[in-house]
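Here are my notes for your read-through. Keep the model open beside them and check each point as you go.

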Amino acid sequence: MTAPVTASPGGTDGKLHRTLTFRDLIVYGMLFIAPMAPVGIFGTLDAKSRGAVALVYIVATVAMAFTAFSYAQMVRVAPQAGSVYTYARVGLGEGPGFIAGWMAMLDYLLIPAVAYLFSGIALHALVPSVSQWVWTAVAVTVTTALNLAGVRTAAVVGFLVLAMEIAVLLVFVACAVFALAEHGARRGWLSPLTGESGFAAGAVVAAVSVAVLSYLGFDAIAAFAEEAAGGSERVARAVMTCLAVAGVLFIVQTYLAALLAPMSAAELEADPAAQGSAFYDTVDSATGAWLHDLVAVSKAVGAAFAALAGQAAAGRLLFAMARDRRLPSLLSKVDPASGVPRIAVLGAAVVNLVAAVWAARRDDGLDRLVSVVNVGALVAFALLHLSVIGWFAVRRRGRELRPVRHVVMPLLGLAVVIAVIVEASATAQVVGGLWLVAGLGVLGAEVLRRGPT
């Protein structure tokens with residue numbers, strides 16, 4: 001393996017502290033993904049795949065493994081904060097690196113806002129006397145305070161929250177198994193893998209394009225490369241492990257939910273309004289309202305801590321870009337006591353707060369916010385795959401090139417990403433396109449000011 005690429009000198013105002021263990025890295029990745037991420041889209045995927053929802057997550061896990069593999073390759077080459085921004089800069093050059101960071105920034109700033117809003121909605125449902133936007137603001141404030149306290153402190157609290165989420169998931173699994181043993185399955189035992197009325201490849205592929213979005217967040221692990229004790233190998237292993245664990249959890253819960261679902265996939269397809277609550281309806285009909293409430297509380301708390309992980313990753317991205325003088329240098333300052341890029345984290349928190357509270361105060365706020373996320377990360381993933389090829393095949397001039405590992409797998413990952421972008425909503429494509437144009441404008445102005453780099 002090539003020697004790691006070091007950060008560019010001159011722009012560094014501080015150093016991040018290497019305090020994160022392997023467990024901490026997994027915690028950040030799993031928090032951002034959320035162990036029960038399929039809950040909200042279970043009905044949609046069940047309808048789209050014609051009942052083969054567990055197969056959808058098997059295929060989606062394999063599809064995202066190509067992206068995880070590319071992260072694992074590049075984190076060894078450039079074990080620094082900044083994640084895909086750093087990798088594209090090393091593998092493709094300064095310009096593509098800036099665009100990768102710019103596009104990732106869109107999602108790293110907005111995905112936490114969506115998670116905060118989910119938390120506010122869920123907490124308002126549990127305590128209606130407190131406004132939705134107030135709960136949202138409280139969630140932002142609490143998690144930002146934890147991020148500012150230090151990456152290790154946030155990881156310890158995050159571990160407790162993650163343990164709670166997994167415990168709730170295990171309770172669901174136990175109740176589902178008991179219900180199946182007592183009353184049997186409402187669908188065929190193999191139907192979550194084959195579909196209710198036979199396998200339909202097109203339907204499964206269409207559902208996979210939505211399901212892969214459940215995995216966005218495992219890549220945040222790479223943002224903590226400079227804070228991981230044990231070096232880049234540990235980060236690479238954590239990325240792959242996190243994806244594998246998430247995949248198993250997603251497959252198990254959707255398989256069980258499909259067997260117990262009170263509505264068939266065809267009925268869900270004919271009634272789109274029922275798709276959003278399909279998982280909760282399954283829980284209610286199979287185990288009772290108590291588990292429904294437990295899952296709702298878990299989702300409320302879990303969403304806030306998913307945002308915590310996203311906000312922390314966003315802070316590292318802003319820090320890395322500022323350290324390389326691609327953003328205001330103020331964002332590259334590191335607090336000497338906590339080892340946190342405090343100003344960068346606060347900047348991310350302000351954007352999270354404004355976007356989440358704005359959406360919380362609008363009837364259509366959630367739909368508007370959800371419709372514009374994800375495309376930025378997908379474009380960044382595309383540049384990540386190209387970075388692997390660019391570094392090993394071009395910049396290294398074929399030295400240490402392994403065609404399958406460094407060309408074939410990144411190309412397969414790129415194909416998956418392009419397919420998902422094509423399937424994205426028109427709103428997301430337009431917003432992503434406008435954000436890309438804005439980034440190209442900023443890059444062009446920078447080139448004119450400083451000259452080509």
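Which residues in H12 are buried? Point 1 takes this up.

This is a predicted model, where local features need pLDDT of at least 70, side-chain atom pairs count only at pLDDT 80 or more, and totals for chains, interfaces and linings use all residues. Residues are numbered from 1 along each chain as its sequence is written, and side-chain values use heavy atoms, with hydrogens and water left out.

1. **Helix H12.** The buried residues in H12 are Ala 278, Phe 279, Tyr 280, Thr 282 and Val 283. Buried means under 20% relative accessible area, exposed over 50%, and partly exposed in between (1.4 Å probe, protein chains only). Helices are DSSP runs of H or I, at least four residues, numbered from the N terminus. The cover over these buried residues includes helix H2 (42-48), helix H7 (151-183), helix H10 (232-260), helix H11 (265-270) and helix H13 (289-323). Gly 288 follows H12, with a positive phi near 115°.

2. **Cavities.** The whole structure holds three cavities of 30 Å³ or more. A cavity is a set of points, on a 1 Å grid over the protein atoms alone, where a 1.4 Å probe fits but cannot get out; lining residues have an atom within 4 Å of a point. Grid points are joined across faces, edges and corners, and a volume is the space filled by probe spheres set on the points. The largest cavity has a volume of about 50 Å³.

3. **The lining.** Ala 261, Pro 262, Met 263, Leu 268, Ala 278, Asp 281 and Thr 282 line the largest cavity. Helix H12 (residues 278-286) gives the largest share, three residues. By type, the lining has five nonpolar residues, one polar and one charged. Here Ala, Val, Leu, Ile, Met, Phe, Trp, Tyr, Cys and Pro count as nonpolar, Asp, Glu, Lys and Arg as charged, and the others, Gly among them, as polar.

4. **Helix H4.** H4 (residues 84-92) is largely enclosed by the rest of the structure, because eight of its nine residues are buried. Those eight are Val 84, Tyr 85, Thr 86, Tyr 87, Ala 88, Arg 89, Val 90 and Gly 91. They pack against helix H3 (53-77), helix H5 (94-126), H13 and H16. Just after H4 comes Gly 93, with a positive phi of about 120°.

5. **Arg 395.** Why does Arg 395 count as partly exposed? Its relative accessibility is 42%, so Arg 395 falls in that class. Arg 395 sits in helix H16 (residues 375-395). Leaving aside neighbours within four places in sequence, Arg 395 is in contact (heavy atoms within 4.5 Å) with Arg 89, Val 90, Gly 91, Leu 92, Gly 93 and Gly 390. A polar atom of the Arg 395 side chain lies 3.3 Å from the backbone oxygen of Val 90. Arg 395 and Gly 93 are 302 residues apart in sequence, yet 9.8 Å apart in space, C-alpha to C-alpha.

6. **Arg 316.** Arg 316 lies in helix H13. Arg 316 counts as buried because its relative accessibility is 1%.

7. **Val 334.** Val 334 is in the loop between H13 and helix H14 (342-360). At 14% relative accessibility, Val 334 counts as buried. Val 334 and Leu 16 are 318 residues apart in sequence and 7.1 Å apart in space, C-alpha to C-alpha.

Terms used
Helix = DSSP H or I, 4+ residues; strand = E, 2+ residues; numbered from the N terminus. Polar contact = N/O pair within 3.5 Å; in protein donor to acceptor, adjacent residues only side chain to side chain. 1 Å grid on protein atoms, 1.4 Å probe; cavity = no way out; pocket = protein on both sides within 12 Å on 5 of 7 lines; lining within 4 Å.
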